[in-house]
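Please keep the sequence and the structure in view while reading.

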Protein chains: 2
Amino acid sequence: MTIVVGFVPTKEGRAALARAVEEAKGRRTRLVVINSNRGGRDYDDTATRSADEELQGITADLEHEGLEVEVRQLVRGNEPAEDLIAVAAETDADLIVIGLRRRTPVGKLILGSNAQRILLDAPCAVLAVKG
Amino acid sequence: MTIVVGFVPTKEGRAALARAVEEAKGRRTRLVVINSNRGGRDYDDTATRSADEELQGITADLEHEGLEVEVRQLVRGNEPAEDLIAVAAETDADLIVIGLRRRTPVGKLILGSNAQRILLDAPCAVLAVKG
């Protein structure tokens with residue numbers, strides 16, 4: 001059994017990762033983290049380093065608890081949804097964890113295209129948590 | 001801790017209930033099933049009775065395992081999403097389980113309005129499973 005989660009250093013990304021870690025501990029299952037942190041132009045070097053350290057801390061914590069954890073870099077040129085779905089299929093995952101942004105700045109509800117795609121196209125169940 | 005699930009006697013409804021039962025067993029947590037079966041005009045008496053028996057079987061199984069399970073009838077006049085969200089808030093649930101229909105008859109991907117509303121407005125994480 002495997003849980004797949006995408007990591008981005010945002011509020012909803014951290015919420016998703018935290019929940020995935022909790023689920024992996026509770027189920028004693030393997031966790032695959034897809035690190036999308038280096039893919040965009042939105043983060044500076046300091047933020048990237050800080051996010052990488054954050055991820056290393058979480059990995060060390062899980063390994064300390066005897067759980068298998070694997071961090072993969074995002075495959076460039078793919079949408080995050082494609083990467084998550086492909087990795088979930090490849091690892092025969094039984095769960096993908098995603099983070100949802102609750103609202104736009106004007107207060108409108110949104111469900112982003114990546115979230116919709118993952119919910120509909122994932123080969124397994126999807127756990128959606130709020131940031 | 002509580003898991004909330006809506007029960008409808010469809011393929012995706014059964015998938016959601018089965019997964020909710022599995023999660024409740026795995027986490028040793030209480031399960032609240034909202035029975036929407038009597039709300040619509042789509043089911044005949046025989047189907048309703050059969051669905052009720054199905055639900056009773058599941059309830060008995062969970063109680064046999066020492067888990068607390070509660071079945072609530074749908075409050076008439078509300079959208080299923082409203083009922084699930086209200087019950088999740090009231091019971092301080094940590095998970096709502098929903099079933100997604102994978103495609104329309106013409107093969108287009110859909111995410112129904114109830115599913116969208118639950119994903120966005122739920123006070124807790126939402127686990128979406130495919131029918």
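In strand β5 of chain B, B:Leu127 is the bridge partner of A:Leu127. The two strands concerned, β5(A) and β5(B), the latter covering residues 125-130, pair in the antiparallel sense over three bridges, where pairing requires that DSSP find at least two bridges between two strands. This is a predicted model, in which local features need pLDDT of at least 70 and side-chain atom pairs count only at pLDDT 80 or more, while totals for chains, interfaces and linings use all residues. Residues are numbered from 1 along each chain as its sequence is written, chains are lettered from A and ligands numbered from 1 in the order in which they are written, and side-chain values use heavy atoms, with hydrogens and water left out.

Taken as a whole, the interface brings 24 residues of chain A into contact (heavy atoms within 4.5 Å) with 24 residues of chain B. About 1,800 Å² is buried between the two chains, with carbon and sulfur atoms giving 51% of that area; buried area is the accessible area, for a 1.4 Å probe, that two parts lose on being put together, summed over both.

Four salt bridges are found across this interface, each being a side-chain nitrogen of Lys or Arg within 4 Å of a carboxyl oxygen of Asp or Glu. The side chains of A:Glu23 and B:Arg27 form a salt bridge, at 3.0 Å from N to O. On the side of chain A that touches chain B, α1 (11-27), β4 (95-100), α4 (113-121) and β5 (125-130) each supply at least two residues, helices (H or I, at least four residues) and strands (E, at least two) being DSSP runs numbered from the N terminus. The largest share of that side, six residues, comes from β5(A).
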